[in-house]
Amino acid sequence: MIELRNVIKKFGGRMAVDDLSLTVPPGEIFGLLGHNGAGKSTAIGMMLGQVWPTSGSVFVCGHDVTAHRHAALLKVGAIFETPVFYDYLSGWRNLKILSAYSAPTPPERIRTVIDWVGLTGREHSKVRTYSHGMRSRLALAQALLPRPELLILDEPGDGLDPEGMHEMRRMILRLHRELGLTILLSSHLLNEVEQLCTRFAVLQQGRKVFEGTVAEVRTAPGKVLLKTPDFAAATALLRDRGLITGAAEKRFITLAAGRSTAEVARALVSAGLLVEGIWQQEQSVEDFYLSLVKTPPRN
Amino acid sequence: MFIAQIKNELGKLFGKKRTYLGFGILLATQFLISTLFRYTHVTRPLERVLEGNGYAATPCLSVLTIATYMLIPLNDLLLPLFAALIGGDLVAKEAEDGTLRMILSRPISRVRLLVTKWLAGFVFSTVLIGLLGLFGLVCAGIYFPWGKFAYWNPVLDIFGVFDGGTGLQRYLLAHLLMVAEAFFILSLAFMFSCFNIKPAAATILALSLLFASVIMEKLFRDYQDWFPTWHTHVWQWFFLEHVPWWQVGESACILAGFTATFLVVGCMVFQMRDIKT
């Protein structure tokens, strides 16, 4: 659905996106994770033909965005971090105006999307009277107008209260489930990506430093909790046998590559050391992300 | 779709209260000027010139004459200001507010978007001038009767006296060329609006260039027709007894050429720039 090939974007002398390659297959909720200024919005700008890449190519829905923007964006909806509209016009009028930039849209379609996002009854009120949550829903409505196959969401939860964020996440999952949309979600909120995305990429200083699934991150070899009366003797033994590479806080061990908790338990028990408990700690996306961003990107 | 897009641009333009505030200011100013014409002796010089040329002054102090005299200060000051304000807002305000990013996430080309905005600007120019002419007639009509039409401009060396019917024709023709003038100014501000600058900066740049052109035109009178603002006075030539059609056509073409150039430059700049928040 989206493919970026070795994309570079420089603003003057500043490198905003550095050799970014990314593929978002159809049907996925793909997260683009990174702190503010990591290059997420620039990457999205290039996907929407708003920012010209310095080099590389960007394909959306099978079309080169730079050369065939119209074909590429025909079935794309987008939401940006702060939903802005023509405040002095009604929600309905805003949707009518925005739909005219895609294709002729019958009033029934506008009514359907208004109903879908739960704005029925307020569609003829001026947007200046809308709460932030209502604006976000209107933003979603405008994105849904062209019956998109791909939805690009640039930090959609920004500025929403916890209830609004929950509502927005529920809506995203519903869109994916009921309409089968491919969704690209840019966020700096780790739990948002963890809750919604099947796969995600982490950007740091314009570079992709990770791409994989949330499941991969969670099951990645990490810390193992070992409960034993003599932690020092146990770790010394395990080190001697090459089963672990590290120990911390008198309760955590790091398994050596290819080793399992079962092997560790067997080794300790056979050496006569008591094992009260041993289990793999599931790594959170947050831990993983922090470990990534603490590491400076490779040159 | 193209017509729908232009209608939407007009909807945005005429949906703002500020647009009507401008029209309200025009009406109030014209009413004030008309009142001053009625209760002061500001028409004395015209009366003397008319009598000196063998015309009775009183029948010439009519709706058309006063409405046309009111056009001069409005044309020199308020018209450029309104046209530049609207032109400067057309793109830059949307970029500043963030709505441009939302529009450009849709499959409309940048050039097409600009052309729709530019054409909406043309409609606005026409409405602005139409209202200027109409308000002039209404405000002058409060105090002055229908009658002959007289016009005297010593700076441009224009003097003409016409019956009411011919006067009205000339008045309407003058307004047609004022539309070209308003659109020229609006397009200049529109061009700057396509750059990555604030709307106020686009308006100020356009007005600065216009004022610079006026200053140059006045300083170098031998070369005055080299400066575009000189051609914005062309509407007054319709008040000569024999209209210099060739000169009117030449000036109209020069204004149209500048206007089209502003659009092309604006499109090129807008096409190349990155749209970011």
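User: What makes the span of α9(B) close to the expected one?

Analyst: This is a predicted model. In it, α9(B) has 30 residues and reaches 42 Å from its first C-alpha to its last. The expected span is 1.5 Å times one less than the number of residues. For α9(B) that expectation is 44 Å, and 42 Å is close to it.

User: Why is α9(B) called mostly covered?

Analyst: Count its buried residues. A residue is buried if 20 or more other C-beta atoms lie within 10 Å of its own. In α9(B), 21 of the 30 residues are buried. Hence the helix is mostly covered.

User: What does helix α9 of chain B supply to the largest nonpolar core?

Analyst: The core has 145 residues. Helix α9 (residues 164-193) of chain B gives 15 residues, the largest share. The members that touch the most others are M47(A), V60(A), A141(A), I152(A) and I185(B).

User: Which residues does V60(A) touch?

Analyst: Leave out residues up to four places away in sequence. Then V60(A) touches I2(A), M47(A), V65(A), A72(A), L73(A), V76(A) and L150(A). Contact here means C-beta atoms within 7 Å. Apart from this core lies another, of 11 residues, including L226(A), A234(A), A247(A) and I253(A).

User: Why is α5(A) called largely enclosed?

Analyst: Because 10 of its 13 residues are buried. They include R135(A), R137(A), L138(A) and A141(A). Their cover includes β6 (76-79), α3 (91-99), α4 (107-117), β7 (150-154) and α6 (162-179) of chain A. As for its span, helix α5 (residues 132-144) of chain A reaches 18 Å, close to the 18 Å expected.

User: What is the pattern of chain B along the sequence?

Analyst: The pattern reads α-α-α-α-α-α-α-α-β-β-α-α-α. That is 11 helices and 2 strands. Among contacts with a separation of 6 or more, 79% join residues 24 or more positions apart.

User: What kinds of residues form the side of chain A that touches chain B?

Analyst: The contact takes 24 residues from chain A and 23 residues from chain B. α2 (69-73) and α3 of chain A each supply at least two residues of chain A's side. That side divides into 17 nonpolar, 5 polar and 2 charged residues.

User: Why is N6(A) counted as exposed?

Analyst: N6(A) has 12, so it counts as exposed. N6(A) lies in strand β1 (residues 2-11) of chain A. Its phi is near 45°, a positive value in a residue other than glycine.

User: Is D19(A) buried, exposed or partly exposed, and why?

Analyst: D19(A) has 15 other C-beta atoms within 10 Å. Buried needs 20 or more, and exposed needs 12 or fewer. So D19(A) is partly exposed. D19(A) lies in strand β2 (residues 14-24) of chain A. D19(A) also has a positive phi, about 50°, although it is not a glycine.

User: What are the confidence scores?

Analyst: The model scores ipTM 0.84 and pTM 0.86. Chain B averages a pLDDT of 93, and 100% of its residues score at least 70.

Technical notes:
Residues are numbered from 1 along each chain as its sequence is written. Chains are lettered from A and ligands numbered from 1 in the order in which they are written. This is a predicted model: local features need pLDDT of at least 70, side-chain atom pairs count only at pLDDT 80 or more; totals for chains, interfaces and linings use all residues. A nonpolar core is a set of buried Ala, Val, Leu, Ile, Met, Phe, Trp, Tyr and Cys residues joined through C-beta atoms within 7 Å. Helices (H or I, at least four residues) and strands (E, at least two) are DSSP runs, numbered from the N terminus. Two residues are in contact if their C-beta atoms, placed from the backbone, lie within 7 Å. Ala, Val, Leu, Ile, Met, Phe, Trp, Tyr, Cys and Pro count as nonpolar, Asp, Glu, Lys and Arg as charged, and the others, Gly among them, as polar. pLDDT is the predictor's confidence in each residue, from 0 to 100.
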